[in-house]
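Here is a short report on a structure that may be new to you. Have the sequence and the 3D view at hand as you read.

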Amino acid sequence: MNRPFRKLAEEQSERIFTFAYYSLRSREEAEDVTQEVLVKLWQQMEAIEPGKLSTWVMRVTRNAVIDAARRRKTKSAVFADGVEIEVVEAITAANGPNAEEVLQSMEIRGELEEALEQIEEPYRSIIVMREIQGMTYAEVAASLEMPLNTVKVYLHRGRKKLREALRGRV
Amino acid sequence: MPPSSENCPWVQQRIEPYIDNELGDVERATLERHIDGCESCRRELRHAETVLSQLRTLPAHRCPERIIEDIASRAATVTTESVRARLARLVGRFDRRFAAVLRPALAVLLIVVVAASAVILRHDRLPDSRTAEHPSSSAVTTEELETARQDVLLAFSYVKKYNQRTGEIVRQEHLFNRVTRSLRKSVAESMFPFPLQK
C-alpha cells in the first residue's frame, strides 16, 4: 500500500467530504465526490505544487460537486439521508431534558443545511469554505480562482441570502 | 446619522461587514448609532449573528474509512502496474541495447544445433553395410555431408537476411569460430569449406 498517499488521503478526505456533504446534502453523493477527488489526487499528486495542495483539492472538489449536482435528476429527494439517522441516534443517546435540546439543535442544523442547499453558487461554496470549514479568505479565493475582494463581497451577500432564507426559522 | 427608518436599508446592507469587523471607523460609528435607536435593525443584527454562530457550529463530517481503504488499495494496484510498466521499459531498453549481441548469439546457437543434429541423425541411420564399404573413412557419406553443408549455408543465409533487415552486425569471425568449433565435434573438418572463411 502506498503509505504517503494513504496519509494524504486521510488528511484531505474530511474537508472534501464535509464540503461535498454540505453542498449536496447527501452522504452517498458526498462519498462519490470524495472518491472521485481522491482518485484525481492520486493521479496528479506529483504535478501539484506542495504549497497549493489544499486549494487544488478544494477547487477539484467544488468542480466535482457541481458535476454531481448537474447529474442529479431531481433535487427533491435529498433530505439528509444521513441527518435523519443522526437525529434519531442523538436523541436516543440523550437522556431526559437533554433530548429536547438535542432535538432543537438538530432541527436548527437541519434548517441551516436546507437553507444552505438552496443558496446558489458561488455563494454556497464560499459560505461552506469560510464559515463551516474555517478557510481563510486567501484560501477561498485561491480555491475558487476569484479575487479576494470578490470573495468577501460574495460571502456577505451569501450570508444575507441565508439570513433571509432562515427568517422565522432560526 | 439620526436613527431614521430611511437609513435602515443602508444599515442592513452593512450588517455582515459590521459583524466581520470590516467597516471603517466612521461607517461603524454611524451604524452603531442607528442600531441603538432602531429596534428593527437591532433585531436584524441579532438574527444575523445567530445564523452565523449556528452556521459556524455545523460539524465537519468524517469520510467513511472504507472510501479511503478503497482508494488506497486502488492506488496500490496502480503502483504495482506502474512498477511492471517500468520493468517492461527497462527490459525493452536492455533488449535493444544488447540485441546486437544476444540475437546473433542465439542465431549461431540455432545453426549449430540444426547442423549438428542433421549430421548426427544421418550418421546414426547409416546401415552397417556402408560402414563396411568404407572402413577407413568417416561413417558419413559425401552426399550426406553435402546435404549438411547446404543446411549450414541456408542457416547462414538466414543470418545474412537478419543482418540486412535489422541493420545489426553479426561479427563474422565470431560466427565462424563458434560454428566451426561446434561442427568439428560431429564431422570431418575437411568436408566443410565455409563460405565465410577468408
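Over all chains, the structure holds 29 salt bridges. The model is predicted. Ten of the salt bridges are counted between chain B and chain A. Side chains of opposite charge can pair when their charged atoms come close.

| Pair | Closest N and O atoms |
|---|---|
| Glu11(A) and Lys7(A) | 3.2 Å |
| Arg70(A) and Asp67(A) | 3.4 Å |
| Asp20(B) and Arg159(A) | 3.1 Å |
| Arg159(A) and Glu16(B) | 2.6 Å |

**Within chain A**

Glu11(A) and Lys7(A) both sit in helix H1 of chain A, residues 3-24. They are four residues apart, about one turn of the helix. Glu11(A) is partly exposed at 44% relative accessibility, and Lys7(A) is exposed at 54%.

Arg70(A) and Asp67(A) belong to helix H3 of chain A, residues 53-71. Arg70(A) is exposed, with a relative accessible area of 63%. Asp67(A) is partly exposed, at 31%.

**Between the chains**

Asp20(B) forms a salt bridge with Arg159(A). Asp20(B) lies in the loop between H2 and helix H3 (25-37) of chain B, while Arg159(A) lies in helix H8 (residues 148-165) of chain A, so the pair joins two chains. Asp20(B) counts as buried at 18% relative accessibility. Arg159(A) is buried too, at 4%. Shared partners link salt bridges into one network of Glu131(A), Arg159(A), Arg163(A), Arg167(A), Glu16(B), Asp20(B), Glu44(B) and Arg56(B).

**The interface**

Contact involves 38 residues of chain B and 38 residues of chain A. The area buried between them is about 3400 Å², with 61% from carbon and sulfur atoms. Leu55(B), Leu58(B) and His61(B) supply 21% of the area that chain B buries against chain A, more than any other three residues.

The interface also has 16 residue pairs in polar contact, both residues at pLDDT 80 or more. On the side of chain B that touches chain A, H1 (8-13), H2 (15-19), H4 (39-56) and H5 (65-125) each supply at least two residues. H5(B) gives the most, with 14 residues. By class, this side has 19 nonpolar, eight polar and eleven charged residues.

**Cysteines**

The structure holds zero disulfides over all chains. The closest cysteine sulfur to that of Cys8(B) is in Cys41(B), 3.5 Å away and therefore too far for a bond. For Cys38(B), the closest is in Cys8(B), at 3.7 Å, again too far. Cys8(B) is buried, with a relative accessible area of 11%. Cys38(B) is buried, also at 11%.

Notes: Residues are numbered from 1 along each chain as its sequence is written. Chains are lettered from A and ligands numbered from 1 in the order in which they are written. This is a predicted model: local features need pLDDT of at least 70, side-chain atom pairs count only at pLDDT 80 or more; totals for chains, interfaces and linings use all residues. Side-chain values use heavy atoms; hydrogens and water are left out. Contact means heavy atoms within 4.5 Å. Buried area is the accessible area (1.4 Å probe) that two parts lose on being put together, summed over both. A salt bridge is a side-chain nitrogen of Lys or Arg within 4 Å of a carboxyl oxygen of Asp or Glu. A polar contact is a pair of N or O atoms within 3.5 Å; within protein, one must be able to donate a hydrogen and the other to accept it, and residues adjacent in sequence count only if both atoms are side-chain atoms. Ala, Val, Leu, Ile, Met, Phe, Trp, Tyr, Cys and Pro count as nonpolar, Asp, Glu, Lys and Arg as charged, and the others, Gly among them, as polar. A disulfide is a pair of cysteine sulfur atoms within 2.5 Å. Buried means under 20% relative accessible area, exposed over 50%, partly exposed in between (1.4 Å probe, protein chains only).
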